[in-house]
Amino acid sequence: MNKIFSLIKVSLSHDMTILNIKTKKKSFFSKILLPLIILLYIMFVFGFYAERLIRVLKPVHLEFVMLTLFALGMSIITLIEGIYKSSSLLFNCKDDNLLLSLPIKRGTVLFIRILKFYIFELLYNSLFLLPAIGVYAYFVNPAWTFYLSSVLALLFLPIVPIILSCVIGFIVSYFSSRFKGKNVFETIFTVLFLLLVIFISYRMEGFVSNLAQKAMSLNDIITRVYYPVGAYISLITSFKWTTLVLFTLIHLVIFALTIFILGRMYFRVNSGAKRVLIKHNNKKYLIKKSSQGKALIKKEAKKFFLTPVFITNAGFGLVLFLIACVVGSLRFDSLISTILKENPEFNSNIIKSIIPLIMFGLVSFTAFLTSITSSMISLEGKSFNLLKTFPIKPIKIIYYKIVTALLIMVIPILLGDIFIFIKFKFDIISIVLILIASFLLPLVSEMIGIIINLKYPKMDATNDTEVVKQSMSSLVSTFIGLGLVALVIVLGVIMAIHKVSYNLIMLLFIIFFALVAGLLVLLLHKTCDKNFNDIMV
Amino acid sequence: MIEIKNVTKKYGETVALDNVSFNVEDGVIFAFIGHNGAGKTTLIKSIVGIHDIDSGEILIDGLSIKDNPVECKKIMAFVPDNPELYEHMKAIDFINFICDMYDVSYETREKNITRYAKLFEIEKNLNDPISSFSHGMKQKIALISALAHDPKVLIMDEPFVGLDPKAVFDVKEVMNEMIKEGKIIFFSTHILDVAEKLCSRVAIIKNGKIIKTGSMKDIKGDKSLEKVFLELEG
């Protein structure tokens, strides 16, 4: 047992360094204040949403529905996140050689890895669920059993989505390891599973809304659809010890059973996932020459497209943007008739006239929430020293990273733009403004990402997921992105309400972000060399 | 020539290099020896521009690595002790990539890649992904990449670790050829026999300080390098 505790301690102390930023100067700001501000910001935002929701539900005494929605939402997010994390967290670990050579049972290694995954999701879920639980407690003033049930729910709710995503991760790794280009197949399988989950969630929404008309309460519906959330809500509304014991036992048994079953196949799949299928060909190797820039772009793009968690994390938003543009343009007429039926005060001309602004918002949303560069330095890992030995200025290396990220981002955004332009026939000024935004906003996003990654690199990750999903750099970039999206939406809506012309609103944003881009260029030039050289591997 | 002048490097409170000074002239093979943690890798990484130094100066052919890093790096090549190559690439793509970074002409890279791939008997593996390679094979790829741009200064950290006996012999041959062309080879090693036979000059570092430097003959006298080293370390 001591061995397991030591392993857990070592693994967690290494992986949970997200709030333990290694900087030369251990400043109060970067060590304590910045992580604290981020945590409080997230909790405040979700607490705010919970409070808005419960105010609406309080008059009809359905306060618990707020918790139902939060718990269900978090479970779906955990499942979606888990799907593209699990392959990398379970099967692409760099500490395999060390762990497998230790005198511990192989099943223990799997247990530690799933436990790490669970603890990270538990911390994430707590950020969202704790404010909701607090808001509920403030408004309802519940009995002590509510707190007991909520603590257990907090602990157990991530288990089912994590187990499901681990199973999917197993399937993805098992099948992709049979192909030569296993990383490509892993990415394809992962994206397919993600699309399937999103499709099912989307269908479920319709299923729930249909049932809502028939069922007595939303609580009944959720109980039927998803037991863990249903049981939690039932514990809140009518506490029973039997339900509590059953709720606890079911989760513990599921967890133990999964470790037992997956543990039996883990090492076969794991060694398969690590195996590199080599086709020994007698083909003469090709010596070719490229320019420095072209070679650097090719290297970065290859790294992106061959790192499944990287491509799924960044590429997924772009795929959704494209789908939104295609579906929006193809199904616009049916969408508009639905909106008009439900909101007779609108007319189709008003809706059509606002589409350039919506498109601008969609481009900002996609650009600011897709940060490729925020992981590009960290993903270099130990090979970062190689970059340092090249006879190239650091700023040039950094610019080529930005250029690669832009190429990856701008192409799908432009494709989406074209679909929308063809369908809606914008005026030329709107087209030009949206096209400028399609270059400028990703540029701002990627510059922010690289500046943050240079400042907060994570060079000692044991797998790519730690870098892409669990590093300080990706977290800060995401929240800056969210802040910028909120800025665009709030200011855009305020200006639209004050009858500022839509083209003028877009122009003002473009001027603002062009200035931001200029400032970021200055900042990058000022800090690049120092931060680049300060990174120690 | 490599000139190392009063170089000091600290990691927090720990002094990794303490006022280190010595020169490496053209046309010599220079051995840099010391026990684990003595500061060998720190100095090597400072010479090749991976680490900044806190004070002092490192000049490569008269140019400061701090003020003119790009110019210095153009004439240098570095082979680390544990080559961290881009695992997602095929070996030939990696070598081509490194050549692109040094702007090597097609003719030069064709000549050098063909020559060294044949010498290290790795021609047949150049189309394979690096992730499938053993440590020794990766070391060979790192060596080919380093030699492909005809560097004037070759810096190596424990170059013989992981190489098979034939490759060790070949590397030594390549080193001897290079010094005949007036090039510099500076490397760290724990294999004192190799250093003794191969190198004309040597520096011994202990706790970040150079405790002995000079020609191999002067330093070892009638004793073996191993004996001298152990006496100095004791």
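**View 1. Strand β8(B) holds the bridge partner of Ile29(B), namely Ile185(B).** The structure is a predicted model, in which local features need pLDDT of at least 70 and side-chain atom pairs count only at pLDDT 80 or more, while totals for chains, interfaces and linings use all residues. Residues are numbered from 1 along each chain as its sequence is written, and chains are lettered from A, and ligands numbered from 1, in the order in which they are written. Helices (H or I, at least four residues) and strands (E, at least two) are DSSP runs, numbered from the N terminus, and two strands pair if DSSP finds at least two bridges between them. Strand β3 of chain B (residues 29–34) runs parallel to strand β8 of chain B (residues 184–188), and 4 bridges join them.

**View 2. Six strands of chain B form an open sheet with mixed pairing, in the order β6-β7-β8-β3-β9-β10.** At the edges lie β6 (76–79) and β10 (209–215) of chain B, each of which pairs on one side only. From one strand to the next, the twist averages 15°; axes are lines fitted to C-alpha atoms, for helices over the stretch in contact, and angles run from 0 to 180 degrees between N-to-C directions. Helix α6 of chain B (residues 165–180) packs on this sheet, where it touches β3, β7 (153–157) and β8 of chain B, and its direction makes about 140° with that of β8(B). Helix α9 of chain B (residues 225–233) also packs on the sheet; α9(B) touches β3, β9 (201–206) and β10 of chain B, and its direction makes about 25° with that of β9(B).

**View 3. A second open sheet in chain B has 4 strands with antiparallel pairing, in the order β2-β1-β4-β5.** The edge strands, each pairing on one side only, are β2 and β5 (63–64) of chain B. Strands β1 (residues 2–11) and β2 (residues 14–24) of chain B pair in the antiparallel sense over 7 bridges, and Val7(B) stands opposite Val20(B) in β2(B). These two strands, β1(B) and β2(B), form a hairpin with 2 residues between them, and Gly12(B) in the turn has a positive phi of about 65°. Strand β1(B) also runs antiparallel to strand β4 of chain B (residues 55–60), to which 5 bridges join it, and here Thr8(B) stands opposite Ser55(B).

**View 4. Helices α6 (residues 144–156) and α10 (residues 227–237) of chain A pack at an angle of about 170°, with their axes 9 Å apart.** The helices α6(A) and α10(A) are therefore roughly antiparallel to each other, the term used for angles over 145 degrees. Phe146(A), Ser149(A), Ala153(A) and Phe156(A) in α6(A) meet Pro228(A), Tyr232(A), Leu235(A) and Ile236(A) in α10(A). Of the residues in this contact between α6(A) and α10(A), 7 are nonpolar, 1 is polar and none is charged; Ala, Val, Leu, Ile, Met, Phe, Trp, Tyr, Cys and Pro count as nonpolar, Asp, Glu, Lys and Arg as charged, and the others, Gly among them, as polar.

**View 5. Helix α13 of chain A (residues 308–330) bends by about 40° at Gly315(A).** The bend is the angle between axes fitted to the seven residues ending at a residue and the seven starting there. Among the buried residues of α13(A) are Gly315(A) itself, Phe310(A), Leu318(A), Phe321(A) and Cys325(A); a residue is buried if 20 or more other C-beta atoms, placed from the backbone, lie within 10 Å of its own, exposed if 12 or fewer, and partly exposed in between. In chain A, which has 537 residues, buried residues make up 39%, and the secondary structure of this chain comes to 21 helices and 0 strands.

View 6. Because 8 C-beta neighbours lie inside 10 Å, Asn141(A) counts as exposed.

**View 7. Where the chains meet, 31 residues of chain B are in contact with 27 residues of chain A.** Two residues are in contact if their C-beta atoms, placed from the backbone, lie within 7 Å. On the side of chain B that touches chain A, the elements that give two or more residues are α2 (69–74), α3 (91–101) and α4 (106–119) of chain B, and the largest share, 5 residues, comes from α3(B). By class, this side of chain B has 16 nonpolar, 6 polar and 9 charged residues.

Terms used: Parallel < 35°, antiparallel > 145°, perpendicular 65-115°, else oblique.
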